[in-house]
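Dear colleague,

I am passing on the structure we spoke about, and I would be glad if you could look through it with the notes below at hand.

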Number of protein chains: 2
Amino acid sequence: MQFQGVKGTRDFYPDAMRVRNWIIDVWQRVSLRNGFEEYDSPIFEYLDLFTVKSGEEIASQLFSLTDRGGRSLAIRPEITPALARMVNAKINSLPRPIKWFSVPRLCRAEKPQRGRLRELFQWNVDVIGSDSILADAECIFVAADFLREVGLTGDDVRVRIGSRPLTIAALATAGVPAGRTDATLAVLDKRPKLTEEAFREVASGAGLTGEQIAAVCRFQDAGSVDEIRELLGGREDTEEHLRSQEELTAALDAMGVGDYCELDMRIVRGLAYYTGVVYEVFDRDQSLRAVAGGGRYDNLLEVLGGPKLGATGFGMGDVVLGILLEEKGKLPAGGGRVEYYVIDGEEGDFATVMEVVGALRRAGRSADFSYKRQSIGKQLKAANRCGAAKAAIVRGRTVSVKDLATGEQVDRPLAELLGRPAG
Amino acid sequence: MQFQGVKGTRDFYPDAMRVRNWIIDVWQRVSLRNGFEEYDSPIFEYLDLFTVKSGEEIASQLFSLTDRGGRSLAIRPEITPALARMVNAKINSLPRPIKWFSVPRLCRAEKPQRGRLRELFQWNVDVIGSDSILADAECIFVAADFLREVGLTGDDVRVRIGSRPLTIAALATAGVPAGRTDATLAVLDKRPKLTEEAFREVASGAGLTGEQIAAVCRFQDAGSVDEIRELLGGREDTEEHLRSQEELTAALDAMGVGDYCELDMRIVRGLAYYTGVVYEVFDRDQSLRAVAGGGRYDNLLEVLGGPKLGATGFGMGDVVLGILLEEKGKLPAGGGRVEYYVIDGEEGDFATVMEVVGALRRAGRSADFSYKRQSIGKQLKAANRCGAAKAAIVRGRTVSVKDLATGEQVDRPLAELLGRPAG
């Protein structure tokens, strides 16, 4: 009977695990230096937490299960609703702004394809309790700070920044009825994946006239805030959002990541809960899916039973990122496993090998040894196989320390290796 | 509409997350220095992987779900079957012995109670591909090395070591029919949780005579290998296992963790797949459930479609361990979040704050700032609230760096703080 893993999931053998750990370590390090604290939610929640506000895209991708009491649960497909639940539960004792990050394992019941798996790790960075555009700027800075840290430049990746309220204003200006806004946003979110013609077809299917489609495309393709301002024809209610967009750019420039960022009103985002600035990170030539995406979601806490509270953040999955880092040659090289491989040089020395291995490890040094009593040559081979830096060949109370890279060998008293005074 | 987490799961707010990360960091560090490599499996697998060989205890605790194709899946309640599956899939390319560890998130649909939750993190340390008792010794050493590392002594915790084959031999010697062995082992596994009288009742319910019960108890309560040897009356087939037990003790002594370990034939383990040495780690006065448990399982790979290959290892969950570390005062104190909290000293300095924060972070230093333009006093309060070590108050191109612990303050040119040559 042979068993296999479920399609769309990954087995992390040690080499793959080292890469995963390296990515997660950088995510954590960058988050912490940006003043964010780590949290995590359970892997499953009551189903309705995810279906209430995230919209169709997520709801159709849930792995659901039933507990012993017959209640419906789901494995988390995203962490944001759980974040909102957790913040709501302690809303009166948490100092604001709440700057939190997480690296949840998420599951989505979708068809596996390049860049999309059924199980992924997703870095989430959120600021809750601030309406300031600086909170949005901070999140985008964190994303860019990470990209720079792993060696990706503004020539490799771009943070493309759009705006839900400006897009909605553009729809209104074009004469799209308010009742059709959500459906139209979903259509616009698909535009970058469609040909011009296919998009026109989908858009008219959603009820847009040819003129409306043209107007909306002009808005989406605008290259500057001033151009957008002109297209929106000085609508009173948009000036605040236009100014936010300008402040955002200024803040990102001041913080030194302007070279990663660009205005791009084609970015709409699929999730229903966004209310402000939205953005996605893409590889420069857009051969891959989005590396990250996020934006402002000021209503989510309220919808989930809490106060109305400004919130903004992004998620970055490990799947597309991993492909990109591999393509760009930015993944770390595999390293050796241990410092010392300890070998019995003569019969009767094995008890000493055990003593040395135990002492080294207890002192915080890494050490390994062979379970089999075999020739020094075979043990040296095993030492090389596990990438040990040095072999320590024990003979009585003397140890020959051999550097396995250079071949250099030095004899030392055992007590010296163990860091105890000789004698 | 208020939402709650599922009973028996945990929300990891930042303080709890720091503790969880600290425990996992030590698990990883100790594993690596003992020459183990990290792996991980998916959070869910096809259901039958878990039901084939783990026995009733696990099967009754599964969270199962169904994929779109109608196939039964389960969230992993343990990682060992997935480990066996992964090793089997690459059996010809993995150098042996395979020394791997993992820190899986596991879910068990059991009734939540003290020390038992529906979701936990469990350190798993396994050696596959060796029949040597040294592999068992190594795993036990790793467990003890961790316990010592977090400040627990042999007076706080004990690794209690039993033996499946010796226990089975004792049952045979007592005249328990071979067909009743598995059921009797399950009864013996419960003995430590029962009163003497309750145990007698359960045991006779399982078909043991009073004489058999007495004989088995004498065996379980034996204090030394010699005593066991005598009780087993020189059965030819047990001498090998008795000698293994002696070698194990000698190896643990040689490696310097003998003071954590003791022989205890009352340890049987609940899982069906164990075949050799078995052990559990308990707090000294046994007020808590087992902190860890493991043993040898030489048949599991074969049952899961691979070759017959020696395997041994243990699991240590974070729930009971967390309670124990808290009781013993061994959990780390919470630390500050950032090095610098950067403040605008005068109107017009905020752009410089952004510049300083961005530059510090990009240089790998941790820094935070306020989204609101408010008085220096309020910003200093915010700096203290987030545990910053220093406040950096920007005035033009000068910055006053204030140590928030001592109150000491030094004025420095901005360029110096940013590590660029002044001028």
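What follows is a description of the arrangement of the chains, some of their helices and a few backbone details.

Please keep in mind that this is a predicted model. I begin with the relation between the two copies: chain B can be laid on chain A with an RMSD of 0.0 Å by a turn of 180° and a shift of 0.0 Å along the axis, and that is the relation of a two-fold axis. Within chain B, the residue that comes closest to the rotation axis is Leu65(B), whose C-alpha lies at 2.5 Å.

As to the interface, 75 residues of chain B are in contact with 74 residues of chain A. On the side of chain B that touches chain A, the largest share, eight residues, is supplied by helix H14 (residues 350-362) of chain B, and that side as a whole divides into 39 nonpolar, 15 polar and 21 charged residues. Because 99% of the interface residues of chain B are also interface residues in chain A, the copies meet through the same surface.

The counterpart helix H14 (residues 350-362) of chain A has 13 residues and reaches 18 Å from its first C-alpha to its last, close to the 18 Å expected at 1.5 Å a residue. Its buried residues include Thr352(A), Val353(A), Met354(A), Val356(A) and Arg361(A), and the helix is followed by Gly364(A), which has a positive phi, near 90°.

H14 of chain A also takes part in covering helix H1 of chain B. Helix H1 (residues 14-33) of chain B has 20 residues and reaches 28 Å between its end C-alpha atoms, close to the 28 Å expected; the buried residues of H1(B) are Ile23(B), Trp27(B), Val30(B), Ser31(B) and Arg33(B). From chain B itself, the cover over these residues includes strand E1 (37-38), strand E5 (98-102), strand E7 (119-128), helix H5 (133-149) and helix H13 (318-327). After H1(B) comes Gly35(B), with a positive phi near 85°.

The largest nonpolar core holds 250 residues, of which Ala143(A), Val342(A), Ala143(B) and Val342(B) touch the most other members. Leaving aside residues up to four places away in sequence, Ala143(A) touches Val159(A), Val281(A), Ala292(A), Phe314(A) and Met316(A).

Another alanine, Ala170(A), has its place in helix H6 (residues 164-173) of chain A and is buried, with 25 other C-beta atoms within 10 Å. With residues up to four places away in sequence again not counted, Ala170(A) touches Val216(A), Phe219(A), Leu231(A) and Leu232(A).

Finally, some backbone details deserve a check on your side. The peptide bond from Arg96(A) to Pro97(A) is cis, with omega near 0°, and Pro97(A) sits in the loop between helix H4 (80-89) and strand E5 (98-102) of chain A; the bond from Arg96(B) to Pro97(B) is likewise cis, with omega near 0°. Gln286(A) has a positive phi of about 50° although it is not a glycine, and its place is in the loop between strand E10 (277-283) and strand E11 (292-296) of chain A. Gln286(A) is exposed, with 11 other C-beta atoms within 10 Å, and in the other copy Gln286(B) also has a positive phi of about 50°.

With kind regards

Methods
Residues are numbered from 1 along each chain as its sequence is written. Chains are lettered from A and ligands numbered from 1 in the order in which they are written. This is a predicted model: local features need pLDDT of at least 70, side-chain atom pairs count only at pLDDT 80 or more; totals for chains, interfaces and linings use all residues. Copies are superposed by least squares on the C-alpha atoms of residues with pLDDT of at least 70 in both. Two residues are in contact if their C-beta atoms, placed from the backbone, lie within 7 Å. Helices (H or I, at least four residues) and strands (E, at least two) are DSSP runs, numbered from the N terminus. Ala, Val, Leu, Ile, Met, Phe, Trp, Tyr, Cys and Pro count as nonpolar, Asp, Glu, Lys and Arg as charged, and the others, Gly among them, as polar. The expected span of a helix is 1.5 Å times one less than its number of residues. A residue is buried if 20 or more other C-beta atoms lie within 10 Å of its own, exposed if 12 or fewer, and partly exposed in between; C-beta atoms are placed from the backbone. A nonpolar core is a set of buried Ala, Val, Leu, Ile, Met, Phe, Trp, Tyr and Cys residues joined through C-beta atoms within 7 Å.
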